[in-house]
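Subject: A structure for you to look through

Hello! I am handing over a structure today, and I would like you to read these notes with the model open beside you. Please turn it around on the screen as you go.

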Amino acid sequence: MGTSVTISAATDQDAEQILKLQYLCYQQEAALYDDYGIEPLTQTLQALRAELGEGCVMVARLGEEVVGSVRGTVDEDGTARIAKLIVHPRMQRHGLGGRLLDAVEQRLAAERSATRYRLFTGHRSEGNLRLYRSRGYLPVDTEQRTPRLSVVTLEKELRTEAAAVATPAEPSQGEFAAQA
């Protein structure tokens, strides 16, 4: 029987695998923008371990191997900042990036009271832009960082189940409580 991919919170023991995967995954981005000095390629293990302790880090595992990861933090105003969504190249285009994004969004809302999600990607990163748009993210800003790189910031508001199923009529107290 085959092993399926599971998604869970990262632990300190995952740090080295996450860093190696991050290095592999960001090679394509570095080549796209001809910039091999980007932070994901220069981040230290110590800095990654600090992120594990401070933020919400999720991993996708295939057996014991980490094949995907994503990180998030929440500002005081409830804005979740999602970063470094990575999926091993051999696992891409199978929905794993979307599953990781959903998992970190749910966890940030449940455990850290996120009300809005914000992330960014390079303007030429069509696969990333396509994924984020398919998950309801809309571009809110573009900033030219270098002659070759513009960073697109995308956001979406938290959709609660009650808002997702609400009709124009106000639900009764009992109906609202059942949805919560």
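A polar contact is a pair of N or O atoms within 3.5 Å; within protein, one atom must be able to donate a hydrogen and the other to accept it, and residues adjacent in sequence count only if both atoms are side-chain atoms. The model is predicted, so local features need pLDDT of at least 70 and side-chain atom pairs count only at pLDDT 80 or more, while totals for chains, interfaces and linings use all residues. Residues are numbered from 1 along each chain as its sequence is written, and side-chain values use heavy atoms, with hydrogens and water left out.

Let us start with Lys 156. Its side chain reaches the backbone oxygen of Arg 135 at 2.8 Å, and a polar contact of 3.2 Å joins it to the side chain of Glu 105. Lys 156 is part of strand E7, residues 149–157; helices (H or I, at least four residues) and strands (E, at least two) are DSSP runs, numbered from the N terminus. Is Lys 156 buried or exposed? Lys 156 counts as buried because its relative accessibility is 17%, and the cut-offs are under 20% relative accessible area for buried, over 50% for exposed, and partly exposed in between (1.4 Å probe, protein chains only). Setting aside residues up to four places away in sequence, Lys 156 touches Glu 105, Arg 116, Tyr 117, Arg 135, Gly 136 and Tyr 137, where contact means heavy atoms within 4.5 Å.

Pro 139 sits in strand E6, residues 138–146, and is partly exposed, with a relative accessible area of 42%. Leaving out neighbours within four places in sequence, its contacts are Arg 133, Val 152, Thr 153 and Leu 154.

Now for the charged pairs. Side chains of opposite charge can pair when their charged atoms come close. A salt bridge here is a side-chain nitrogen of Lys or Arg within 4 Å of a carboxyl oxygen of Asp or Glu. How many salt bridges does a search of the whole structure find? The search finds 16 salt bridges. Here are some to look up:

- Arg 61 and Asp 14 meet through their side chains at 2.7 Å, N to O, in a salt bridge. This pair links distant parts of the chain, 47 residues apart: Arg 61 is in strand E2 (residues 56–62), and Asp 14 is in the loop between strand E1 (5–9) and helix H1 (15–33). Arg 61 counts as buried at 16% relative accessibility, and Asp 14 is buried too, at 5%.
- Arg 90 and Glu 65 form a salt bridge whose closest N and O atoms are 2.5 Å apart. They also link distant parts of the chain, 25 residues apart, with Arg 90 in the loop between strand E4 (79–87) and helix H4 (96–112) and Glu 65 in strand E3 (residues 65–74). Arg 90 is partly exposed, with a relative accessible area of 44%, and Glu 65 counts as partly exposed at 29%.
- Glu 111 and Arg 107 join their side chains in a salt bridge of 2.9 Å, N to O. Both lie in helix H4, 4 residues apart, which is about one turn of the helix. Arg 107 counts as partly exposed at 25% relative accessibility. Elsewhere, salt bridges that share partners join Glu 39, Glu 51, Arg 71 and Lys 84 into one network.

Lys 84 also has a backbone detail to check. Its phi is near 50 degrees, a positive value in a residue other than glycine. Lys 84 is found in strand E4 and is buried, with a relative accessible area of 12%. Arg 93 is not a glycine either, and has a positive phi of about 70 degrees. Arg 93 lies in the loop between E4 and H4 and counts as exposed at 74% relative accessibility.

Finally, the cysteines. A disulfide is a covalent bond between the sulfur atoms of two cysteines. With a cut-off of 2.5 Å between a pair of cysteine sulfur atoms, the structure holds 0 disulfides. Cys 25 counts as buried at 13% relative accessibility, and Cys 56 is buried at 3%.

Happy exploring!
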